[in-house]
Amino acid sequence: MIPRLRRALAGVLAVTLLAAAGCTADDWPAVPAPSTATGGDPRPNIVFVLTDDLSANLVPYLPSVLALQKEGTTFTDYTVTDSLCCPSRASILRGQYPHHTGIFKNHGADGGFQLFHSRGEEKSTFATDLQAAGYRTAFLGKYLNEYLPRNTQGTGRPYVPPGWDEWYVGGNAYQNYDYALNENGVVTTYGHRPQDYLTDVLSAKASAFITTAAASGRPFMMEVATYTPHSPYTPAVADTSKFLDVKAPRTAAYDTIPDHAPHWLSRHAPLTTKQRQTLDLEFRRRVQAVQSVDRMITSLRATLDRAGVAGDTIVVFNSDNGYHMGEYRLTSGKQTAFDTDVNVPLVVAGPGVRAGQTVPAVVENIDLRPTFAELAGTTAPTPEVDGRSLVPLLSGVTPPDWRDTALIEHRDPATDPHDPDYERDSANIPPAYNALRTRTFTYVEYVDGSKEFYDRTTDPAMLDNVIAQLTPQRLAQLHQQVLTLTACEGQSACATAGRSRRSGS
């Protein structure tokens with residue numbers, strides 16, 4: 001590790017070790033601040049790649065991510081707060097659960113960009129944290145559902161949210177062609193030429209930002225949020241002839257209903273031949289589509305190297321939610337509490353991050369905001385943020401009071417035909433639910449009174465709902481933890497609520 005980053009992250013690790021020893025905050029050393037005496041800013045740059053609907057079964061088709069895993073840390077029990085775009089992205093930006101952000105859907109009275117904006121939530125995000133700490137910030141790609149490039153929000157020009165120095169953001173650009181971008185307040189339209197493919201355009205703009213920001217000498221933070229591989233799963237022209245023999249994975253859960261499945265799921269008939277063929281085609285297109293993401297990551301890392309800042313930069317790879325394709329007799333979609341939908345890739349590499357490390361600690365997307373803040377030598381507002389920084393885990397230290405339970409909150413399902421996540425067959429959409437996910441089990445409470453409990457140590461495919469085998473006392477414990485977690489607000493309260501009273505969770 002280069003000296004200036006060793007100094008910065010050594011301070012972070014010291015804080016962690018003191019906390020583990022029972023020391024109070026007054027005993028903690030400060031994370032090193034920028035110092036002109038050392039000839040530069042000691043804090044790392046951050047490149048955050050957020051993909052859309054990328055499930056774990058696509059990672060084997062991404063050599064760049066496999067390389068990141070070898071060079072850095074993979075979180076095996078990373079859970080999203082909801083397997084739906086806007087609630088998940090709001091949790092990332094704010095570091096809060098959906099019940100705290102108020103964002104439960106992609107649009108309407110209880111979700112979407114317009115609600116996020118009207119609640120004033122853009123005024124405090126990881127972007128505002130880092131910009132206030134002196135970082136140069138940039139956002140490229142997909143922001144929040146309902147955001148459109150020509151929105152003015154009463155400003156008189158295409159709207160750019162607080163916290164972002166540079167802004168290249170689209171609206172409903174899921175086709176990856178024929179879209180518009182708000183480019184720092186000026187709307188630019190793109191067509192259907194091969195060079196207009198959106199992921200490639202974002203890659204070029206992101207590389208240009210890295211080059212300029214690195215030359216300035218200031219630390220920078222950039223989020224590149226691709227629309228890929230969200231439906232309609234459009235690949236770049238150069239990738240349409242690749243992976244022609246790939247099919248949707250025939251896992252143990254493929255075309256199988258769990259024993260003692262809840263009512264909404266138990267009625268599903270076996271997949272038809274046509275459905276299987278469609279699933280194979282869609283999975284193939286998803287594999288083809290993510291090749292552009294792979295090229296982008298490779299290109300961004302090469303740009304970091306050319307700019308002389310590769311050794312100063314943390315690279316984070318993530319997805320807003322997962323995706324099922326035939327599992328549990330469900331056609332393509334998300335929104336369930338199954339691992340296909342809520343347990344998604346999180347890979348971090350860079351200075352101070354242990355290479356080849358796999359971390360099984362229970363982490364969530366609410367943890368990214370405080371992580372970015374700590375890396376930047378600042379803090380996210382703890383009364384406001386529900387998550388905790390992952391920095392100790394990146395260095396190989398798991399705080400003894402770390403949570404053992406993740407919360408998933410899913411409300412009114414996306415049944416509006418104008419919603420990009422609309423599913424024509426409403427039988428494939430679960431009713432509203434709250435769920436707990438630990439390293440060993442998943443527990444679900446549906447609004448209709450149905451419940452599920454999957455012991456993933458003996459049933460990793462989640463094919464046997466053993467809720468009937470739980471004692472009344474155990475059911476009461478689980479229900480109480482759901483109530484406590486779905487009411488918590490703030491880092492302290494949510495950290496306590498995320499620790500189970502039952503050992504072995």
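Accessible areas come from the Shrake-Rupley method with a 1.4 Å probe, and for residues only the protein chains shown count as cover. On this basis the protein chain has an accessible surface of about 18,700 Å², with 53% belonging to carbon and sulfur atoms. The model is predicted: local features need pLDDT of at least 70, side-chain atom pairs count only at pLDDT 80 or more, and totals for chains, interfaces and linings use all residues. Residues are numbered from 1 along each chain as its sequence is written, and side-chain values use heavy atoms, with hydrogens and water left out.

Of the 505 residues of the protein chain, 59% count as buried (under 20% relative accessible area, 1.4 Å probe, protein chains only). Contact means heavy atoms within 4.5 Å; among contacts between residues at least 6 apart in sequence, 72% join residues at least 24 apart.

The chain has 14 helices and 16 strands, taken as DSSP runs numbered from the N terminus (helices H or I, at least four residues; strands E, at least two). Ten strands form an open, mixed sheet in the order β7-β6-β5-β4-β8-β1-β9-β10-β2-β11, where pairing requires at least two DSSP bridges between two strands. Because β7 (186–190) and β11 (357–359) stand at the edges with a single partner strand each, one side of each lacks a neighbour in the sheet. The twist averages 15 degrees from one strand to the next.

Strands β5 (residues 166–170) and β6 (residues 179–183) run antiparallel and are joined by three bridges; Val169 stands opposite Asn182 in β6.

Two helices pack on the sheet, as tabulated. Angles run from 0 to 180 degrees between N-to-C directions, with axes fitted to C-alpha atoms, for helices over the stretch in contact.

| Helix | Strands touched | Angle |
|---|---|---|
| α2 (residues 63–71) | β2 (73–75), β9 (313–319), β10 (346–349) | about 60 degrees with β10 |
| α3 (residues 85–94) | β1 (45–51), β8 (220–225), β9 | about 170 degrees with β1 |

Definitions and conventions:
Buried < 20%, exposed > 50% of the residue type's maximum accessible area, 1.4 Å probe, protein only.
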